[in-house]
Amino acid sequence: MSEMNNLKAYLKKLGASKMGFADVEGLASEFIDLPNGISIVLKLPKQAMHYLNEEDYESYWKCFHGQIAELTEISLKAEEYIKNLGYDAFALTMTRNECDMEKLLSILPYKTIATKSGLGWIGRSALFVTPEYGSAVALGGILTDMPLEFGEPITDSQCDDCTNCQDACPVNAINPQKWNDRLNREDIIDIETCKEYIIDQYRAGLGCTKCMSECKLTQEYIKK
């Protein structure tokens with residue numbers, strides 16, 4: 001797996017905080033010839049979390065979108081790198097992943113690739129959680145036919161009894177049920193209530209980030 005190790009080194013050189021590999025065969029119907037997934041994690045700067053605590057949403061979104069731009073660049077460069085090895089690849093950038101804002105859905109959720117890669121789990125808030133950075137991360141993904149050694153999927157929440165995100169939700173959209181991969185998204189979060197509030201906040205130039213910033217592991221990351 002020297003090619004895979006070289007790819008990991010390349011992703012790290014580009015700035016990826018974490019990366020993992022997963023079997024996603026059949027999960028993206030439009031890409032049945034690309035059954036392997038690469039998850040890319042980019043941690044959000046601690047300063048972004050301080051902006052949230054100060055409710056400086058303009059600075060936060062500027063920082064966040066800067067990270068998304070960096071993540072897009074990493075994904076596209078990795079796509080090209082894989083193709084130069086003689087394999088096919090498709091970077092799931094935000095524009096390519098065609099997020100449906102009405103249903104908050106995409107071609108293949110980044111969180112699915114990430115949990116199947118063993119990089120983290122889904123919190124009570126339905127956000128992806130890593131042990132190192134909590135929910136203070138941006139996610140990217142690549143589909144490919146390059147041979148990869150898959151990580152061990154995480155199928156159950158590794159959150160303890162902490163309910164910080166649930167308690168912080170301004171519209172009580174988070175259910176008590178902890179995530180596992182046998183549940184539907186609606187089992188852990190009232191997506192309609194969440195969606196309505198998020199859209200209203202974005203239109204007002206604000207944001208809904210309490211569940212991310214109040215995550216215990218996010219707080220631990222900020223204090224390190």
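Author: The model is a predicted one. A residue counts as buried under 20% relative accessible area, and Trp179 is buried because its relative accessibility is 10%.

Reader: Where does Trp179 lie?

Author: Trp179 is in contact with Thr115, Trp121, Ile122, Gly123, Ile154, Thr155, Asp156, Ser157 and Ile188, leaving aside neighbours within four places in sequence. As for its own position, Trp179 belongs to the loop between α5 and α6.

Reader: What separates the C-alpha atoms of Trp179 and Ile122?

Author: Ile122 is among the residues in contact with Trp179. Along the chain the two are 57 residues apart, and their C-alpha atoms are separated by 6.1 Å.

Reader: Is Asn172 buried or exposed?

Author: Asn172 lies in the loop between α5 and α6. Its phi is near 55°, a positive value in a residue other than glycine. Exposed means over 50% relative accessible area; Asn172 is at 65%, so it counts as exposed.

Reader: Which loop holds Glu55, and is Glu55 buried or exposed?

Author: Glu55 is not a glycine, yet it has a positive phi of about 55°. The loop is the one between α2 (46–53) and α3. With a relative accessible area of 54%, Glu55 is exposed.

Reader: How many cavities of 30 Å³ or more does the structure hold, and what is the volume of the largest cavity?

Author: Rolling a probe the size of a water molecule over the atoms shows where empty space is left. The structure holds 1 cavity of 30 Å³ or more. The volume of the largest cavity is about 60 Å³.

Reader: Which element gives the most to the lining of the largest cavity?

Author: The lining consists of Ile68, Leu71, Thr72, Ser75, Leu92, Thr93, Met94, Tyr110, Leu139 and Gly140. Two or more of these residues come from each of α3 (57–84) and β6 (137–144). By class the lining has 6 nonpolar, 4 polar and no charged residues. With 4 residues, the element that gives the most is α3.

Reader: Which residues does Thr93 touch, not counting residues up to four places away in sequence?

Author: Thr93 is in the loop between β3 (89–91) and α4 (110–117). At 6% relative accessibility it counts as buried. Not counting residues up to four places away in sequence, Thr93 touches Thr72, Leu76 and Tyr110.

Reader: Which residues is Ala138 in contact with, leaving aside its neighbours within four places in sequence?

Author: Ala138 is found in strand β6 and is buried, with a relative accessible area of 3%. Leaving aside its neighbours within four places in sequence, Ala138 is in contact with Ile40, Val41, Leu42, Leu44, Ile68 and Leu71.

Reader: Which residues of the largest nonpolar core touch the most other members?

Author: In soluble globular proteins, nonpolar side chains tend to be buried together. The largest share of this core, 10 residues, comes from α3. Of the 69 residues in the core, those that touch the most other members are Leu11, Ile38, Met49 and Tyr60.

Reader: Which residues does Ile38 touch, not counting residues up to four places away in sequence?

Author: Ile38 is one of the core residues that touch the most other members. Not counting residues up to four places away in sequence, Ile38 touches Leu7, Leu11, Gly20, Phe21, Ile82, Ile113, Gly140, Gly141, Ile142, Thr144 and Leu148.

Reader: How many aromatic pairs does the structure hold, and which residues form one aromatic cluster?

Author: The structure holds 7 aromatic pairs. The residues that form one aromatic cluster are Tyr60, Trp61, Phe64 and Tyr202.

Reader: What is the geometry of the aromatic pair of Tyr133 and Tyr221?

Author: The centres of the two rings are 5.3 Å apart, with 80° between the planes. The pair links distant parts of the chain, with Tyr133 in the loop between β5 (128–129) and β6 and Tyr221 in helix α9, 88 residues apart. Tyr133 and Tyr221 are buried. Planes over 60 degrees apart count as edge-to-face, and the pair is edge-to-face.

Reader: Which residues lie nearest the centre of the second largest pocket?

Author: About 200 Å³ of space lies in the second largest pocket. Its lining has 8 nonpolar, 6 polar and 3 charged residues, and α5 (164–168) and α9 (216–223) are the elements that give two or more residues to it. Of the 17 lining residues, those nearest the centre are Cys159, Cys162, Cys215, Lys216 and Leu217.

Key
Residues are numbered from 1 along each chain as its sequence is written. This is a predicted model: local features need pLDDT of at least 70, side-chain atom pairs count only at pLDDT 80 or more; totals for chains, interfaces and linings use all residues. Side-chain values use heavy atoms; hydrogens and water are left out. On a 1 Å grid over the protein atoms alone, a cavity is a set of points where a 1.4 Å probe fits but cannot get out, and a pocket is an open set with protein on both sides within 12 Å along at least five of seven lines; lining residues have an atom within 4 Å of a point. Grid points are joined across faces, edges and corners, and a volume is the space filled by probe spheres set on the points. Ala, Val, Leu, Ile, Met, Phe, Trp, Tyr, Cys and Pro count as nonpolar, Asp, Glu, Lys and Arg as charged, and the others, Gly among them, as polar. Rings of Phe, Tyr and Trp (its six-membered ring) pair if their centres lie within 6.5 Å; planes under 30 degrees apart count as stacked, over 60 as edge-to-face and the rest as tilted. Buried means under 20% relative accessible area, exposed over 50%, partly exposed in between (1.4 Å probe, protein chains only). A nonpolar core is a set of buried Ala, Val, Leu, Ile, Met, Phe, Trp, Tyr and Cys residues joined through side-chain atoms within 4.5 Å. Contact means heavy atoms within 4.5 Å.
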